[in-house]
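Welcome! Have a look at the structure first, then try each task before reading on.

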Amino acid sequence: MYNLPVIRVNALRKVYGSRVLALDGVDLHVREGEIFGVLGQSGAGKSTLLRCVNLLERPTSGTVQVGGRDLTALPEGELRRQRQRIGMIHQHFALLSSRTVADNIAFPLEIAGMSRAQRRARVAELLDLVGLADKAGARPAQLSGGQKQRVGIARALAARPKVLLSDEATSALDPATTQSILALLRRLNAELGLTILLITHEMQVIKSVCDSAATLREGRVVEAGGVYDLIATPGSLLTRELFPLPDPPPAGSLTLTLPIGRADEPIVSSLVRTYGVDVDIIGGTVEDLRGRSAGRLRVRIGGERAAEALESLRGRGVLVEAA
Amino acid sequence: MNLSELPSVLWQGTVETAQMVVWSALLTALLGLPIGVLLVVTDRGGLRPLPMIKAMLGAVVNVGRSLPFIVLMVAILPFTRLVTGTTIGTVAAIVPLTLGAVPFYARLVETALRGVGREVVEAAQAMGARRLTIVVKVLLPEAVPQLVAGLTVTVVALIGYSAMAGAIGGGGLGDLAVRYGYQRFDTGVMVVTVVLLVIIVQLVQFLGDAVARKLSHQ
């Protein structure tokens with residue numbers, strides 16, 4: 001389904017001044033057509049990482065390849081041309097308040113040297129694409145946050161980039177608006193084959209749209225992979241973040257990670273019926289991950305046939321870990 | 001003064017003040033804008049960091065800002081003669097007025113441009129815009145209301161300076177107030193002149209505010 005990595009970040013280091021280490025040897029491969037989320041607390045270096053991908057921030061060492069070209073090696077003029085093929089959306093939208101919605105969207109086309117007539121036609125298409133055809137003449141100040149981000153998205157896609165970078169694009173939005181923006185990104189990903197690299201501190205974003213994810217801590221990638229694969233991986237940090245359970249776990253309790261797409265099966269009750277075990281449910285979370293259910297339970301299992309019961313759980317694809 | 005002369009004298013003074021202020025304001029805008037842009041662009045973290053240029057430019061601007069206008073005016077008399085061929089009259093006064101106001105306005109331009117959000121500038125960079133494009137299509141248009149407000153403040157300052165320019169024969173309302181009101185103890189002329197100056201300043205401020213508001217899309 002996926003082709004070669006369209007974004008390939010290798011051994012990226014970024015040091016500010018002489019001591020502040022923002023990125024400490026980051027490798028990241030984003031495959032064509034996927035939505036890749038980088039998750040991290042503020043200060044983890046995710047913003048620096050994203051800004052290194054289009055070289056808004058120049059890395060101290062390491063390489064950044066987008067579409068097979070090493071951006072770090074390009075002269076300035078060529079870098080500008082490559083940037084025109086990488087869209088970017090921003091936390092605070094970064095629209096020009098002095099321009100109308102249509103003129104904001106046309107801005108990258110002006111930079112690319114497109115004629116006025118072509119620009120007008122393309123802007124009309126883009127306004128339709130993001131559902132703002134009636135707002136062409138409005139100023140950003142007259143729009144809601146969600147509408148502003150739609151303009152931001154239309155502008156980012158104006159020059160038909162294959163790659164979109166998203167810098168906390170939904171962090172300034174309320175939950176309902178966040179969902180509508182995420183749905184739009186998912187749609188554009190599917191319809192245009194757009195590859196999206198996003199950074200976020202919101203689990204909701206990872207849950208709703210990301211195919212793959214990486215967790216960044218203190219400038220290092222501590223975990224990366226497909227979201228479904230990570231959930232099936234023992235000890236996964238992402239799983240812990242996605243399905244929070246009460247802490248600290250009581251002695252002797254187990255954590256069950258349910259197989260993707262089957263979190264709604266009556267696993268516990270069938271266990272009780274078949275093996276006659278006692279199952280205490282201490283906590284649990286079930287989430288919808290891009291249409292497939294997934295979840296985690298913290299339980300204590302007692303009874304003579306407890307070992308057998310656990311074996312049968314494993315046989316059904318449940319990941320059983322000591323809590 | 002004969003009361004019947006008053007209107008024509010006042011009118012002449014107003015015209016002279018207007019000439020001095022309008023011309024020097026135009027020249028100030030023309031010179032102050034690029035200097036303000038350079039101050040921002042060459043700064044550390046600017047679009048084209050050039051610490052040496054920035055330091056030199058900043059120093060020159062600060063010297064210009066720290067000289068009292070009356071001192072500046074006298075100090076540059078030779079330069080004024082070089083440019084206009086004379087040191088007396090309304091045209092000659094435009095030279096020191098402009099030189100006095102340019103550093104002032106350049107700093108206001110600098111502040112206005114710094115007010116443009118960093119994210120917006122970065123967005124343009126991320127689109128692959130050239131530096132000149134960013135200055136012309138992002139920084140300046142986004143700062144227009146603040147640039148207009150700054151120009152208004154500068155024009156008001158110029159009206160004040162222009163009164164001092166009267167001292168080197170620049171004419172104008174300030175000159176009128178000094179000659180009739182102070183030197184001839186003609187309090188009536190003094191009061192009328194002051195009232196006229198206040199009205200002009202109010203008018204300028206009102207107009208400037210209105211234009212800035214009209215151009216703001218916040």
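Predicted model: local features only at pLDDT ≥ 70, side-chain atom pairs only at ≥ 80, totals over all residues.

What share of the contacts in chain A with a separation of 6 or more is accounted for by residues 24 or more positions apart? The share is 70%, where contact means heavy atoms within 4.5 Å.

Before going on, some ground rules. Residues are numbered from 1 along each chain as its sequence is written, and chains are lettered from A and ligands numbered from 1 in the order in which they are written.

**Exercise 1. Describe how A:D24 is held by salt bridges.**

Step 1. Take a salt bridge as a side-chain nitrogen of Lys or Arg within 4 Å of a carboxyl oxygen of Asp or Glu. A:D24 forms one with A:R13, at 3.4 Å from N to O. A:D24 is in strand 2 (residues 20–31) of chain A and A:R13 in strand 1 (residues 5–16) of chain A, so this pair ties together parts 11 residues apart in sequence. Strands (E, at least two residues) and helices (H or I, at least four) are DSSP runs, numbered from the N terminus.

Step 2. A:D24 also meets A:R220 in a salt bridge, at 3.1 Å from N to O. That pair links distant parts of the chain, since A:R220 is in strand 10 of chain A, 196 residues from A:D24 in strand 2 of chain A.

Step 3. Check the cover: buried means under 20% relative accessible area, exposed over 50%, and partly exposed in between (1.4 Å probe, protein chains only). A:D24 is buried at 17%, A:R13 is partly exposed at 32%, and A:R220 is partly exposed at 45%.

**Exercise 2. Describe the contact between chain A and chain B.**

Step 1. Count the residues: 26 come from chain A and 19 from chain B.

Step 2. Find the buried area, which is the accessible area (1.4 Å probe) that two parts lose on being put together, summed over both. Chain A and chain B bury about 2,000 Å² between them, with 55% of it on carbon and sulfur atoms.

Step 3. Look for charged pairs: three salt bridges are counted between the two chains. B:E122 forms a salt bridge with A:R51, their closest N and O atoms being 2.5 Å apart.

Conventions: Heavy atoms only, no water.
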